[in-house]
Structure formats: C-alpha cells, structure tokens
Amino acid sequence: MTNPIAEARADGRTLLTEVESKQLLHDAGIPVTQARFAAGADEAVAAAEEIGFPVVLKIVSGDIAHKSDVGGVALDLADADAVRSAHAAMLEAVKATAPDGTVDGVSVQQMAQPGTEIIVGVTTDPQFGPVMMFGLGGIFVEVMKDVAFRIIPLEQRDAKQIVREIRGYPVLEGVRGQAGADLDAIERLLIQVSDFAWEHREVAELDLNPVIVRPDGALAVDARVVLAAEA
Ligand code: ADP
Ligand code: MG
C-alpha cells in the first residue's frame with residue numbers, strides 16, 4: 001500500500017479515514033486495531049474471516065466524523081451472518097441519518113477486549129505548535145472536561161505527569177478491588193504519539209478516541225488524522 005498522507009494529498013483531502021489513520025500509526029509502531037477496507041458485504045465477510053471473529057464493522061466515509069452518531073459502528077459480530085446483517089443495517093441507518101454523506105464502504109477490525117477507555121489527542125497551537133491532550137474517555141471528557149495538556153515533544157517525565165494530572169487518575173490506578181490500567185503502556189503510547197506528531201508536522205490534528213487500556217497493555221480502537229491545509 002502507498003503512503004496514506006500522499007494518497008490523501010493526491011485526492012485533495014485533509015481528513016484521513018480511520019483505515020488510513022490506523023495504517024499510518026501502525027507503521028509508526030503505535031498499537032492500533034488495524035482496520036481493513038471492504039467495498040461491500042462479501043468483502044467484509046472475507047476480511048472478517050481472515051481477521052478472526054468477533055469483529056467490528058464501521059462505516060467509511062469522507063464526510064462522517066462521528067460514526068456511531070449515524071449508526072455506523074457495529075460491535076462484537078460473532079460470525080459471517082452477523083457481519084452480513086450488520087452491513088445491511090448500517091447502510092440503511094447511515095442513509096437515514098446522514099442522507100448527504102457519501103459512503104465509500106465499510107471497515108473490518110478485530111474486537112478489542114473491554115478495559116478502561118482513554119483519549120489521546122494532538123492539536124496544533126499557532127504559538128506553541130503541536131500540543132498533546134490526555135484524558136479518560138466517555139463522560140469524563142464530555143461532561144467533566146477532565147483533560148490535561150502538554151506541549152510536544154514529551155519526555156518520559158512529562159508522560160508520567162500528564163497521566164497523574166487528571167482528576168480521574170484513581171480510575172486508572174484501580175478502584176474497589178478492580179485491577180488498575182497498564183500505566184507503563186499509557187506512558188509509552190503518549191511518547192510514541194508525541195514522537196509521531198513531532199516527526200509529521202503536516203499532521204494538524206490527531207485523535208485516538210478511544211484507546212482501550214487493560215492491566216496488560218493499551219490498544220487504540222479508533223483513530224482520526226487531519227492534515228494541515230497545504231501551503
Ligand atoms: P466514533 O466515530 O463514533 O467515535 P468509534 O470507532 O470510536 O466511533 O466507535 C465507537 C465506540 O465503539 C468506541 O468508543 C468504543 O467504545 C467501541 N469500539 C470501537 N471500535 C472497537 C473495537 N475494535 N473493539 C472494541 N470496541 C470498539
Ligand atoms: Mg471514536
């Protein structure tokens with residue numbers, strides 16, 4: 001496969017699809033569930049059989065930023081029949097909720113095991129350049145705005161601090177007898193993302209939302225890369 005950044009540039013796009021974003025991050029050694037593009041139901045089933053069940057199906061569209069808002073995410077599909085029916089239902093739902101969006105196809109990826117969801121983001125500040133954002137996923141970020149920021153590049157010490165700065169840190173440490181999240185894996189991921197952003201200055205925005213963290217590792221299950229407009 002060619003370079004996703006070059007491909008997007010050639011198409012005049014700044015928004016990379018989840019498939020492209022994850023390919024780029026995977027090539028940089030960042031742990032992601034790689035997503036395989038499938039144009040139709042038969043291709044989706046073939047991809048699922050290669051990946052191994054259970055799988056996740058998602059809509060691929062250059063115009064849809066929040067896939068689950070339009071019925072474009074189907075989790076935990078156990079077999080070929082489940083993939084086929086989810087594919088049909090997804091196209092219906094997306095057509096109904098986002099009638100103006102063009103759909104390229106779907107993507108198929110491995111279903112990750114449950115864990116604590118965190119978000120890792122990069123934005124570009126006109127003054128400071130690339131900035132890292134870290135927080136817990138879901139209501140923690142949406143309702144409580146419980147996030148911490150650091151200017152990129154991060155050093156080991158910054159990664160340690162940013163993780164401990166959010167109010168929700170005890171959730172990562174483990175509460176009420178629940179196993180804690182793999183803090184080393186989170187810190188490693190933050191450094192990898194920082195290095196990636198530092199080396200790819202044409203990346204204006206990056207979102208890993210969410211990364212699923214377990215006691216033994218961290219895995220990004222959604223990714224979005226936005227390129228800076230070409231000068
Ligand atoms: P959206 O574009 O709506 O953000 P996501 O790709 O983040 O779509 O999927 C929505 C939710 O589904 C995620 O927040 C996560 O909880 C769950 N999810 C997505 N992909 C996977 C996966 N590969 N394994 C397990 N859960 C997933
Ligand atoms: Mg997401």
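Domain bounds here come from an automatic or database domain assignment, and with that in hand, hello everyone. This is a predicted model, where local features need pLDDT of at least 70, side-chain atom pairs count only at pLDDT 80 or more, and totals for chains, interfaces and linings use all residues. Residues are numbered from 1 along each chain as its sequence is written, chains are lettered from A and ligands numbered from 1 in the order in which they are written, and side-chain values use heavy atoms, with hydrogens and water left out.

Let's start with the layout. The protein chain splits into domain 1 (34–110) and domain 2 (116–227), and their centres, taken over C-alpha atoms, are 27 Å apart.

So where does ligand 1 lie? Both domains give residues to the shell around ligand 1, so it lies between them.

Ligand 1 also sits in the largest pocket. By pocket I mean, on a 1 Å grid over the protein atoms alone, an open set of points where a 1.4 Å probe fits, with protein on both sides within 12 Å along at least five of seven lines. To sit there, a molecule needs more than half of its atoms within 2 Å of the pocket's grid points. Two or more residues of the shell come from each of β2 (55–60), β3 (73–77), β4 (105–110) and β8 (203–214); strands are DSSP runs of E, at least two residues, and helices runs of H or I, at least four, numbered from the N terminus.

Now the neighbours. There are 18 residues around ligand 1, and K58, K67, S68, A112 and E117 come nearest; a residue counts if one of its heavy atoms lies within 4 Å. The shell has eight nonpolar, six polar and four charged residues, with Gly counted as polar and Asp, Glu, Lys and Arg as charged.

Next, polar contacts, meaning pairs of N or O atoms within 3.5 Å. The side chain of K67 has an N or O atom 2.8 Å from an oxygen atom of ligand 1. For D222, a polar side-chain atom is 2.9 Å from a ligand oxygen, while N209 uses a polar backbone atom at 3.3 Å.

Last, some backbone points. Most peptide bonds are trans. Here, F53 and P54 are joined by a cis bond, omega about -5 degrees, and P54 is in the loop between α3 (41–51) and β2. Another cis bond joins I152 and P153, omega about 10 degrees.

Definitions and conventions: Polar contact = N/O pair within 3.5 Å; in protein donor to acceptor, adjacent residues only side chain to side chain. 1 Å grid on protein atoms, 1.4 Å probe; cavity = no way out; pocket = protein on both sides within 12 Å on 5 of 7 lines; lining within 4 Å.
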